[in-house]
Amino acid sequence: MKDFVPDFTIRAAVRKVLPYMMEMREYFHAHPELSEREFDTCKMIFQELSLMGIEDVKIIAGTGVTGLIRGELPGPTLLLRADIDALPLAEKFDCPYASLADGIMHACGHDGHAANLLGTAKILQDHRDCLRGTVRLAFQPAEEGSGGAARMIDSGILNNPPVDYALGLHVAGGLPRGYVGLRSGEINSSCDDFIITLHGKGGHGSQPSLCVSPIQMGLSVIQDLQNFVYHCHADGDGVILTFGQFQSGQSPNVIPDTAELKGTLRTYDEKKRHLILDKMEEILHAVTRQYGGTFDLNLAPFSPVCINDAAATEKVGAILKEHCLDSVSVVPMKRGSGSEDFAYFAAAVPSVFYYVGIYKDEPVIGHSPQFHWDSSALKYMCETLVTIVYYFASYV
């Protein structure tokens, strides 16, 4: 099986499709759309896939798009995923294809992800004769906190035909062009955002004994939760609990009725994640009972821990090192505390999620109004993904 070689040159095919990918990336960048509002993006992707003659092109999960490419040779079914939504940020980097939408920009590279998957699809469709297996395309909406991956799965994207493996990639502003970051096991943390509303009894600041201060309750909640998390973190397992907002009251001499705490929990272990979430509710009950107040807890899970399958990751690493060694360098990737809802695909089927470097002179920071990168970096994304797909069945 390792003697298999596609009947075309992958690098030449990528070079041919690169201008198309650059054009699509820059179109998406100039026309960004927020989660669940990717209407123009969805329409454009649908049209492009249809023009390629790809099978089973349809809209899924609201504003997502899928299609199917059946190879003429037997092999596994691979799902290739690209997220397509933008962020609510006003772009501050001046370029010819800067965002035309006020207060919205592609500050996380999803414009490149979508363009890369379109270029990849074009190559796979044109060379189905030597494609072993089937490729399910997943242009995913609403990655930025709105559950797009889970909705695609609920809509049946992993069925008909059943998906054997899922592959995804992400631009890496901290890696130079020509570098690929790969890691087996935990690659991204879980993320659970939460809102805690504490209900006390307001009154005049001169008579605190007649009141139940939600501010005091909030201070106790923060301290008790952080103390508990500290002991979970002490074993080096990377638990992060962050409070980003504490809002209460409007006057210096009035004890308010309510206080609101907002924060986020990130872990690399699902058991520890659920242990802390359960403990959060237990601490809230204990604190509010002590003070005589009540609470409401609103949890907003973003994603579980994103875990790369060990065997599939070893296979991807071997493919890249053997077939892309003269164009990319594969380097070990540290697990990141940022979260990625590709984790839902990874929880459902064996998966690999990897990072592709994009910076030329100095690192660039994602989720920033100044985030930028040259579209020519798409060639590294496309070459690695196409190579993995064509050689995946060779490495068992």
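**Cavity, annotated site and backbone**

Guide: About 30 Å³ of space lies in the largest cavity. On a 1 Å grid over the protein atoms alone, a cavity is a set of points where a 1.4 Å probe fits but cannot get out, and lining residues have an atom within 4 Å of a point; grid points are joined across faces, edges and corners, and a volume is the space filled by probe spheres set on the points. This is a predicted model, in which local features need pLDDT of at least 70 and side-chain atom pairs count only at pLDDT 80 or more, while totals for chains, interfaces and linings use all residues. Residues are numbered from 1 along each chain as its sequence is written, and side-chain values use heavy atoms, with hydrogens and water left out.

Visitor: How many cavities of 30 Å³ or more does the search find?

Guide: The search of the whole structure finds one.

Visitor: Which residues line the largest cavity?

Guide: The lining consists of Arg 25, His 29, Glu 91, Phe 93, Cys 95, Tyr 97, Phe 371, His 372 and Trp 373. By class, five of these are nonpolar, two polar and two charged, where Ala, Val, Leu, Ile, Met, Phe, Trp, Tyr, Cys and Pro count as nonpolar, Asp, Glu, Lys and Arg as charged, and the others, Gly among them, as polar.

Visitor: New topic: which residues does UniProt list for "binding site"?

Guide: The unreviewed UniProt entry lists Cys 108, His 110, Glu 144, His 170 and His 367 under that name; positions are given in the numbering used here, feature names are shortened, and annotations may be inferred rather than shown by experiment. They are spread over 260 residues of sequence yet cluster in space, with a largest C-alpha distance of 13.4 Å. From this set, Cys 108, Glu 144, His 170 and His 367 belong to the lining of the largest pocket, a pocket being an open set with protein on both sides within 12 Å along at least five of seven lines.

Visitor: Is Cys 108 buried or exposed?

Guide: Cys 108 is buried, because its relative accessible area is 13% (buried means under 20%, exposed over 50%, partly exposed in between, with a 1.4 Å probe and protein chains only). Leaving aside neighbours within four places in sequence, Cys 108 has contacts (heavy atoms within 4.5 Å) that include Glu 144, His 170 and His 367.

Visitor: And where is Glu 144?

Guide: Glu 144 sits in the loop between β4 (132-140) and α4 (148-154); helices (H or I, at least four residues) and strands (E, at least two) are DSSP runs, numbered from the N terminus. At 22% relative accessibility, Glu 144 counts as partly exposed.

Visitor: How many disulfides does the search find?

Guide: The search finds zero disulfides, a disulfide being a pair of cysteine sulfur atoms within 2.5 Å. For Cys 42, the nearest cysteine sulfur is that of Cys 108, 20 Å away.

Visitor: What about the backbone: where is the cis peptide bond?

Guide: A cis peptide bond, with omega about 0°, joins Asn 160 and Pro 161, and Pro 161 lies in the loop between α4 and β5 (165-176). As for phi, Glu 36 has a positive value of about 70° although it is not a glycine, and Glu 36 is in the loop between α1 and α2 (39-52). Asp 56, in strand β1 (residues 55-60), also has a positive phi, near 55°.
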